[in-house]
Structure formats: structure tokens, C-alpha cells
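Subject: Handover of a structure

Dear colleague,

Please find below the structure that I am passing on to you.

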Amino acid sequence: MQTTRHDWTKEEIYEIYNRPFLDLVYEAASIHRENKDYNEVQVSSLISIKTGGCAEDCSYCPQAARYHTELEVQPLMQVGQVVSAAVKAKEGGASRLCMGAAWREVRDNRDFDRVIEMVKAVNDMDMEVCCTLGMLTENQAQRLADAGLYAYNHNIDTSEDDYKRIISTRTYDDRLNTIKNVRKAKLTVCSGGIIGLGETVEDRVSMLQTLSNMEKHPESVPVNALVPVKGTPLENQPRVPIWDMVRMIATARIVMPNSVVRLSAGRNEMSTLEQAFCFMAGASSIFAGDKLLTTPNPAFVDDMAMFELLGLKTRDAFKNGRPANTRIAEETV
């Protein structure tokens, strides 16, 4: 049984990442299969509840107001619209609904009040609820937790050294502080990064070191392949080789053996065979639905057909129990 560690060195992770490909996949698959539910995949659906007009300058993101993309700015959705999307996602096989808003940080206003109502409504549907809303204060994280939020997504994107090349409108410490505030509210953490930004292998290793040496590993670790969007500074980046995605997933599985490693952005360009390699290497979660915030993603029906082919099954919501601070948990005590 793989021991959970929080003291990985860059040298150790670098050695794992660079192992002969089949040896790396075999070790990661062996660790993954130590979990009796290795063939279960947690299916999430990600929707954009407020699109475009963001003040940030993330070089990969079409939602930044300063970039000239074809994205249509849309205001914050109504609660009923979110519930309709959640119903569709649940019918398609998703156990978690993730809601993303193109904000730099959460503000204590009527929009945040509406997000709180969205969280309550989806939680009442017996679905796990995740939000990614930008930076959070401790009090804001607690409000979300009290409403029934299950997880908060806040990716660190890349290494600390590479970070300033990609984003200048918030710091690496800003991201880590938000994760700390989420932990204080006893929410589960969803945090990973993106490859294909023009980073080095050393940057990838450093990012994994930051995640794996947290006091508590993120419960979910998304591994995203950059989807270049015309009008953004990274529009001409080449597609990430599938071998790099598999190496990242396998390495994440080895250094964070109990985390859910999510095969995230970039799946639309992957064949079923390529995705099968990712599942073999330790991926245990996907985003499903025809759109991933603003970029194309495989449809639910296609993913369910792939699951049947590969002998995979969907994971039930709240399999590890509800967080102790959710409304439903309190009502059932």
C-alpha cells in the first residue's frame, strides 16, 4: 500500500516523472488498483454561471476582458437556469455540478447572495456542488460551506517560478491563501494545473510538489491540457502530446495516492484509446457535458459509451459522506 507523504522533493518527483513510460504507467496503475474502486470514475459537469468580462490577465483564458476573443459576455445566471443545467447533468450521469464565474474575487453583494441560493438549490438535488469564483475570504468560504458547498476549485496553474509569466493580476500566494481559507471552512479542495502553457518539465514537477506537500492533499487534482483560444496570448501553443498528459496523471497518482485525479480540459482532442491510457495511469474523474466553461467537451452520451467499452462505472455522489458543515448533514444529525 502506497504511503501518503507530504515531504516530496523535486528530485524525487522528477525521477518519477521521467521513468520509462511503461514502468511509470505500471506503478501508477498498481497504486490505483490498490483502491477497491479503481474502475469508478467521478463525473462532474462544469457550467459557466457568469461568462466573460474578467479583470484578470490569465494568458490562457478567453474570459479576460482585455483579450479580443469571440466570446460573448453573459451576466450571472438565474437560479432556475442553474437548476435546469443541474437536472440535465444529473440525467447524463454527473454526480457533481461545478459552477464557474469569471470573477477575480468574490464580492459581498447581491450576486454572491444569488450564488449562495444556487448552491443551496443544487445541494438539495442530492448532487455535490463545487464552485470556482476566484479569490475567497475566510468568511465567504464559510458562507458557501453553510449553504452546502462540497468543494471549491482554485487551481495553482503552474509552478511558482513560472506563474508570473502566465498571470500578473494576482500572486501565487493569493491562490494559496484562498485554498487555506477553503480549508478553514472544512470544504474539500479541488486544485491542479495546466500543461502546455510553454512551461518546462521542471515547472510541472514544481507544481506537483506544491500540491503534494500541502498539509492535506487536494481531494481533487485536475490535470488540464491547454486548449488554445484565438485572441489569447497562448493562441499559438501546440497541442500537448498525450504522453505528457499520461506522465502528469501517473506522477500525480503516485505522489497523491488518495486524491481524485481529474482528466480535465483537452479531452475533446483525445481519442478513446488515449483517454484509456489516462484512466489506466490513475485518472479517476472527468468533466462531462458538451462544454467546459467556454470550450468544447465530449457529450455525456459519448462518455457513457466510452465507460461501457472500458468497463468503467460512475461514482455516486457523497460516497465519502457529506461534509459535516452542510445544511443537509445538520438536518440529519
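**A buried arginine**

Arginine 315 is found in the loop between β12 (313–314) and α12 (327–332); helices (H or I, at least four residues) and strands (E, at least two) are DSSP runs, numbered from the N terminus. This is a predicted model, in which local features need pLDDT of at least 70 and side-chain atom pairs count only at pLDDT 80 or more, while totals for chains, interfaces and linings use all residues. Residues are numbered from 1 along each chain as its sequence is written, and side-chain values use heavy atoms, with hydrogens and water left out.

Arginine 315 is buried but has no salt bridge. Buried means under 20% relative accessible area, exposed over 50%, and partly exposed in between (1.4 Å probe, protein chains only). A salt bridge is a side-chain nitrogen of Lys or Arg within 4 Å of a carboxyl oxygen of Asp or Glu. The nearest side chain of opposite charge to arginine 315 is glutamate 40, 4.8 Å away; Lys and Arg count as positive and Asp and Glu as negative, with His and the chain ends not counted. Neighbours within four places in sequence aside, arginine 315 is in contact (heavy atoms within 4.5 Å) with Glu40, Val41, Gln42, Ser95, Val260 and Asn320.

**Salt bridges**

The structure holds 20 salt bridges. One of them joins glutamate 56 to arginine 104, with the closest N and O atoms 3.8 Å apart. Glutamate 56 lies in the loop between β1 and α3 and arginine 104 in the loop between β2 (96–101) and α4 (110–123), so this pair ties together parts that are 48 residues apart in sequence. Glutamate 56 is buried at 1% relative accessibility, whereas arginine 104 is partly exposed at 27%. Both residues belong to a network of salt bridges that links Glu56, Arg104, Glu105, Arg107 and Arg170.

Within helix α4, glutamate 117 and lysine 120 lie three residues apart, about one turn of the helix, and their side chains meet in a salt bridge (3.6 Å, N to O).

**Annotated cysteines**

The UniProt annotation "binding site", from an unreviewed entry, covers Cys54, Cys58 and Cys61. UniProt positions are given in the numbering used here, feature names are shortened, and annotations may be inferred rather than shown by experiment. Cysteine 54 lies in the loop between β1 (40–50) and α3 (79–92) and is buried, with a relative accessible area of 9%. Leaving aside neighbours within four places in sequence, its contacts include Trp103 and Arg104. Cysteine 61 also lies in the loop between β1 and α3; not counting residues up to four places away in sequence, cysteine 61 touches Tyr67 and Thr232.

**Aromatic rings**

Rings of Phe, Tyr and Trp (its six-membered ring) pair if their centres lie within 6.5 Å; planes under 30 degrees apart count as stacked, over 60 as edge-to-face and the rest as tilted. By this rule the count comes to five aromatic pairs. Tyrosine 163 and tyrosine 172 form an edge-to-face pair, 5.2 Å centre to centre with 75 degrees between the planes. Phenylalanine 279 and phenylalanine 307 are also paired edge-to-face, at 6.3 Å and 85 degrees, and each of these two phenylalanines is buried.

Yours sincerely
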